[in-house]
Amino acid sequence: MRTEIEEVKVSTEAIRSNTTLSCLNSHLVDSCEVLLSGIPTGVDLPKDVVLKKVLTAMGLNDFERFIVNSRDWVPKKRTNGTPEAFQAIVYRCSSPSNRDFLIMNAPKLASIHTNTLFGCGGDHKLVLRSLWPRETYSLLSKANIAAHKIGFARPVVRNLVVHMRKTTQLNASSNSLYIVPSEATNHTFMENRVAHTWIDLFLVNDSDSYSHYTKTNSPLFAGHDLIALKYRLPKPPNPLRTFASRHLESVDVDSLHQALRDSLDNTNVDPRIRRDPIDSGAASFSDGVIRAFDAVAPCRRVSTVRTRHKPWVSIDIRDLMRASATERIVERGVRGERRMRASEEAIAHIRRCWRSWMMFECRLRRERSRCWSCLTSPRHLTWCRIALCLHDLQVYYSFYPHDLEIGIHRLNRDIAAVAAWATGNGLSLNVRKTKAIILASDPYYRQLDLQRVPRVALNSVELPYSTEVQCLGLWIQTGLDWSRQVGSASGRIYGVLRVLRRLRRLLSRQNRKELIEALVFPHLDYACAAYDDLFDYQNIQLHRALNACVRFVFGTIGRRERVTPYRLGLGWLSVELRRRYFIASIAYSCLAQGTPSYLVKNFKLAAVNSGIERFSPRLPRRTLYYRSVDTAALQNSFTYTATDLINDLFPETILFDPRLISRTKQTIFSKLLAIDNDNSQIQI
């Protein structure tokens with residue numbers, strides 16, 4: 001074996017020296033030729049037509065422009081004179097890189113039969129390989145034989161030099177490795193199809209060594225899926241520590257003396273009498289003493305379980321722990337009993353404090369469970385209402401413009417009640433984070449003189465009136481304007497797009513669509529049912545942000561081309577209809593489930609009409625109804641908008657059933673998508 005390896009090395013050096021002097025040896029010039037064999041002799045087509053058929057089957061439609069010329073392949077003559085059933089053609093590529101790329105795609109021919117391409121030849125398959133100079137081919141054959149014997153990977157040819165790869169060829173059967181079964185993990189997107197391969201795999205030494213295997217449904221980067229394997233590692237056994245002990249407290253001194261006499265009578269340890277070395281005498285004396293103690297107090301073997309090593313406890317931390325323990329022991333010995341009594345008193349004090357703290361926590365939890373029900377009682381909140389979410393508390397009161405001073409006075413009384421309740425329960429309200437705002441339509445708000453309007457007070461601190469506040473991520477402004485919320489949502493959308501555009505070339509169209517739906521739509525849809533009455537310029541601002549998302553998904557939309565057909569092709573609604581979809585879905589869910597009550601009580605069902613309201617017999621029967629209003633703010637409210645929307649989408653009376661919520665949402669979305677499609681056709 002060593003001899004063969006040496007021969008391969010010598011031959012490689014010879015080839016390398018020849019390639020450096022290619023001008024002196026014409027046989028070592030890379031001709032960039034490939035041999036296409038396995039073509040049936042019945043095929044009577046030009047060489048360029050045969051090449052085009054083969055390249056099309058391999059998925060390389062425009063690769064024939066890199067073929068310089070072709071020639072017939074004349075194999076060695078057979079001695080028996082039998083005719084050849086197949087023929088071969090030699091094609092010359094324009095460069096070595098094009099030749100390597102063509103050979104890299106040669107395995108695709110393994111799944112193509114000649115009968116499929118040429119209509120003859122049966123199930124025979126084509127073979128495509130490189131044509132090397134004679135010296136290179138001879139050396140490559142020897143290198144293949146040597147690599148197979150040694151167990152190395154197959155050699156490769158680069159610049160007419162044969163390279164032996166030192167990596168050992170992986171053989172799952174010889175190394176007792178098992179391949180974890182999985183679907184295709186690599187997806188190459190071509191023009192007409194997608195090639196699925198198994199490039200990324202897991203190999204384990206035991207099929208029972210893993211418990212869970214996961215794979216993403218879509219590629220993560222460059223067509224590769226993210227795969228994960230969860231090992232089932234056995235729990236390491238705890239090491240056993242064995243030591244010997246003697247119980248010397250119960251040993252009788254006289255019996256120990258007698259045992260020592262009996263054991264050492266026959267042992268002579270005097271170096272003047274013994275002829276053996278002194279070490280042998282010491283060993284004999286030690287054995288005698290051990291036999292005496294074994295007779296009086298036998299040695300007992302005790303095994304204990306040592307705790308496992310904790311990786312987070314470093315050597316420095318362990319030294320500090322030992323030093324602290326040593327200091328405690330020394331201090332305890334110096335201070336004596338007084339230290340012990342002090343420690344016991346401290347421990348008793350800690351226990352009493354812990355018991356008191358636990359009792360306070362239990363009482364506080366019980367108080368919190370019924371705190372807000374107590375707040376809403378007349379003795380706490382007389383005029384206002386509260387809204388609580390996590391640690392945010394809102395106290396609000398609605399009144400007419402001419403009752404402004406009375407309304408603020410009532411609001412201050414209820415805020416004082418909330419502050420008193422919080423103080424009595426060990427809580428405090430943060431004055432710095434508390435804001436006051438007056439919400440009104442623009443004509444009413446312009447009539448107010450904020451310098452003369454009484455202030456809202458908390459713990460004797462007057463709060464200035466703010467023009468905008470943020471409530472759970474939603475910006476609310478004084479004049480019922482949503483410009484700050486629209487600007488914030490569009491800014492977050494463009495921020496996500498800036499990050500995604502860096503990975504645009506690595507993602508397919510389906511991946512880009514899924515990323516937009518997962519990362520952008522939550523910003524576009526968050527609390528959108530609360531601000532349906534937007535101005536036209538605000539709708540245009542959100543619409544442009546959505547169009548930017550559509551352009552990111554496709555990537556080929558012209559600058560002056562309409563984006564609406566592409567958006568409808570993705571199945572996305574416009575920003576206006578998306579808000580209408582959420583309004584109708586929330587309204588149906590509330591009416592079907594009967595909660596929350598503060599929204600359900602505002603809707604009026606035609607089926608439970610008491611007869612007070614009158615309906616025209618010429619109009620179709622509607623599911624919901626409302627009285628006519630005079631203001632545009634009330635007309636654009638959630639209740640009235642949802643009522644009109646449900647009546648328009650469902651002309652006939654519908655049933656509000658909790659089991660039909662998901663189906664009704666799908667129906668609402670499909671109807672709104674059809675409306676959006678009709679509107680786009682009308683605009684065209």
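Ile179, Trp198, Leu201 and Leu203 make up a nonpolar patch on the surface, and together they have about 380 Å² of accessible area. The model is predicted. Aromatic rings also feature here: the count comes to 12 aromatic pairs.

**Surface patch**
- Trp198, one of the patch residues, sits in the loop between β9 (194-197) and β10 (203-204).
- Trp198 is partly exposed, because its relative accessible area is 48%, between the limits of 20% and 50%.

**Aromatic pairs**
- Phe63 and Phe66 form a tilted pair, 5.2 Å centre to centre, with 50 degrees between the planes.
- Phe63 counts as buried, at 6% relative accessibility.
- Phe66 counts as partly exposed, at 26%.
- Trp482 and Tyr531 also pair: their ring centres are 5.7 Å apart and their planes stand at 40 degrees, so this pair is tilted.
- This pair links distant parts of the chain, 49 residues apart.
- Trp482 is in the loop between β20 (474-477) and α12 (483-500), and Tyr531 is in the loop between α14 and α15.
- Both Trp482 and Tyr531 are buried.
- Phe63, Phe66 and Phe101 form one aromatic cluster.

**Charges over rings**
- Arg484 places its charged end over the ring of Trp475, 3.8 Å from the ring centre.
- Arg578 has its charged end over the ring of Phe521, 4.2 Å from the centre.

**The loop between α14 and α15**
- Ala527 lies in this loop, between α14 (521-525) and α15 (536-554).
- Ala527 is partly exposed, with a relative accessible area of 28%.
- Ala527 and Ile583 are 56 residues apart in sequence and 10.0 Å apart in space, C-alpha to C-alpha.

Definitions and conventions:
Residues are numbered from 1 along each chain as its sequence is written. This is a predicted model: local features need pLDDT of at least 70, side-chain atom pairs count only at pLDDT 80 or more; totals for chains, interfaces and linings use all residues. Side-chain values use heavy atoms; hydrogens and water are left out. Patches are made of residues with over 30% relative accessible area and no salt bridge: like charges are joined within 9 Å, nonpolar side chains (Val, Leu, Ile, Met, Phe, Trp, Tyr) within 5 Å. Accessible areas come from the Shrake-Rupley method with a 1.4 Å probe; for residues, only the protein chains shown count as cover. A salt bridge is a side-chain nitrogen of Lys or Arg within 4 Å of a carboxyl oxygen of Asp or Glu. Helices (H or I, at least four residues) and strands (E, at least two) are DSSP runs, numbered from the N terminus. Buried means under 20% relative accessible area, exposed over 50%, partly exposed in between (1.4 Å probe, protein chains only). Rings of Phe, Tyr and Trp (its six-membered ring) pair if their centres lie within 6.5 Å; planes under 30 degrees apart count as stacked, over 60 as edge-to-face and the rest as tilted. A charge sits over a ring if NZ of Lys or CZ of Arg is within 6 Å of the ring centre and within 35 degrees of the ring normal.
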